[in-house]
Amino acid sequence: MAQPDSKKIFFENLSGAGKAIAVLTSGGDAQGMNAAVRAVVRMGLYVGAKVYFIHEGYQGMVDGGDNIREATWESVSSMLQVGGTVIGSARCKDFRSHEGRLKAAHNLVERGITNLCVIGGDGSLTGANLFREEWSGLLSELVQQGLIEADAVQKYSALHIVGMVGSIDNDFCGTDMTIGTDSALHRIIEVVDAIMTTAQSHQRTFVLEVMGRHCGYLALVSALACGADWVLIPEMPPEDGWEEKMCQKLSANRAGMKRLNIIIVAEGAIDRNNKAITTDYIKNLVVKNLGFDTRVTILGHVQRGGTPSAFDRILASRMGVEAILALLETTANTPACVVSLCGNQSVRVPLMECVQTTQEVQKAMDQKRFEEAVKLRGRSFENNLRTYKLLAHRKPESELPVSNFNVAVLNVGAPAAGMNAAVRSAVRVGISEGHKMFAVSDGFEGFYKGQIKEIKWGDVGGWTGQGGSLLGTKRTLPAKHVDKIAEQMRKYNINALLVIGGFEALECLLQLCDARSTFEEFCIPMCMLPATISNNVPGTELSIGADTALNAIVETCDRIKQSASGTKRRVFIIETMGGYCGYLATVGGLAAGADAAYIYEEPFDIRDLQANVEHLTEKMKTSIQRGLVLRNENSNVNYTTDFIYQLYTEEGRGVFDCRKNVLGHMQQGGAPSPFDRNFGTKISAKAMQWLSQKLVESYRKGRVFANTEDTCCLLGMHARALVFQPVVQLKDHTDFVHRIPKEQWWLKLRPLMKILAKYKTSYDVSDSGQVEHVIHSRPKDSDASVAM
């Protein structure tokens, strides 16, 4: 593969030689903090800087001594999968005083540290910025007290700060996602899924309290991910009289044969008079008004615990590397910044702009300006709230618009977790738009056989958390059966089509577009949603199902590595799915801390394999006991998993032994992750609204007629936005032989994986260094965010 342009390779232009960087975690802990610490340490060492741990947060900085220790490459081994923060975190009163910050400055100067990487919440980052502003004054005081030499003021004249937000609440403005939030959602959804089975058995109502004193993100997104009946959050208190409306909703759901009710409450939930709404209040309300058997579950610190999700590991690793790049590029006049996530890109945002906006949210809530509080949280939060309301609260028949349009939805290709959430969203949004919705079983095979039936609002209840495809899905392409499919479309008067699937779905839409010239039945608006674990669909950076598969890979790799603890040195060779697409192997490798990942897109030969074995051998001679190598199933026809296993076994003899594991279809199964549930739900809702718009635009003389390119689109995520792209235009960007896009964004993550595994390599920083401002409005669809 072509190497990046030399101007894009950081180590040719940026060096950390002579710099000392310290990393600390402060405030509440969050899963993924360790991955961020690991990335900061290894990237810092890679560029030639000295890197220090500051244990116990700001308290360790004030106390000094052994709390500030130099980090080594090996000191961050085996911490990627550990929850919390291994370097400790503490809330520090001493640092809030001038005397405390003076001690901290003295401890840093003694070690020559003038670069700080702070991982914490808004309080921790505000403290860091104050420390930075006072720095020169603190050094002058230290000189006056005779604690440091006068030349130290000039030598260490500026303190550079870069922040990363670690908070499970996702309560920090300026980033779409904070480190730890996705993992907390995993804990919540695991509990909710478990509770739903027992609630259904006994026809119970459960009231669940989740964390979020000042921010309702966890409550809102978990409600969206599990299809909760009601949610209460501090940013948008319910209207007066909400108690009666909630009871009516619960009662109506039970009347509709639903055997359980789920109510999710943020711990900071309030009413319009700023009075707290407690779980006990809601329980008593339901029991008194409805007589339902009701239970309360308070999740508490379970949400902070456990291993970080694949998403949090990748997010933290990317942010940690970006933080080092930011520190290398800072000057004395560079304001302190936060490394944040916008859509699928890392950006740098001025720290105090983020802090001020976050504080404005609380002010707006205190002053009962709730609509403004929601807007200040950002477009992602706003869109989550809008989507939840759209899907959870059904309008009475009398209030629904009458469109007289029939819309069919079907799944195509291999099953992917999150497909059912997308179907549920499509059906309910379609009904809200006034359409009659039809479900097609078994893809286009079922279509031409007439396996089509109307699907109602209640039919998709409880679908969000179901894995696989409840509609059924087949790989059959429509080309050979277009006449029969056209006949069925005439029979059911189908006016629009929503296809949810992988690469086959793209091929299907291309074939239907070609058939428009022969059959007018296909001259209708059509939209495709990418849903495949392989993430190999052109026109989108992320696909429904890929995150669930990544988590399955990462969890399995964690267990496999743990199986070798206490044994002699061992290397594991793991085969992943993906066809010819190396997304799962590469991104799974980054999240699991792999030493190498072999993929089709990056050709390799026997010399590369030999170099990898030698590299692992050298690492094994140090304190590292376990190695992990991932191989995409179609990476090379000759260098099979068995071949690589035998090569490593032979060449590593006397240093390490080998084991191999083919993960197979376990990557395709299981309940969808919170991300896949929400991603599927939101893009499906957007697709249905687009279809509604196109139906209106193409309705002429009593019928729908749409035959232009822009009426047959794929809805995908590109950088920071959800974008509709005509499928015909995607042909030039597709390698149809190997069923992959010609350009794939995640290939830029491969050098990052190699650097963190101690390889010397080139790293493309062309996307780094973008400084943005919170006050500028984000792209309309950045709510699709998530960096993978």
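Me: Which residue does Arg348 form a salt bridge with, and how far apart are the closest N and O atoms?

Reply: A salt bridge is a side-chain nitrogen of Lys or Arg within 4 Å of a carboxyl oxygen of Asp or Glu. Here Arg348 pairs with Glu329, with the closest N and O atoms 2.8 Å apart. This pair links distant parts of the chain, 19 residues apart: Arg348 sits in strand S11 (residues 345-350) and Glu329 in helix H11 (residues 310-329). Helices (H or I, at least four residues) and strands (E, at least two) are DSSP runs, numbered from the N terminus.

Me: What should I know about the model itself?

Reply: It's a predicted model, where local features need pLDDT of at least 70 and side-chain atom pairs count only at pLDDT 80 or more, while totals for chains, interfaces and linings use all residues. Residues are numbered from 1 along each chain as its sequence is written, and side-chain values use heavy atoms, leaving out hydrogens and water.

Me: How many salt bridges does the structure hold?

Reply: There are 33 salt bridges. Among them is Arg377 with Glu235, the closest N and O atoms being 2.7 Å apart. Arg377 lies in helix H13 (370-377), and Glu235 in the loop between strand S7 (230-232) and helix H9 (242-255), 142 residues apart. Both Arg377 and Glu235 are buried.

Me: Which residues are linked in a network of salt bridges?

Reply: Arg475, Glu504, Glu507 and Arg739 are.

Key:
Buried means under 20% relative accessible area, exposed over 50%, partly exposed in between (1.4 Å probe, protein chains only).
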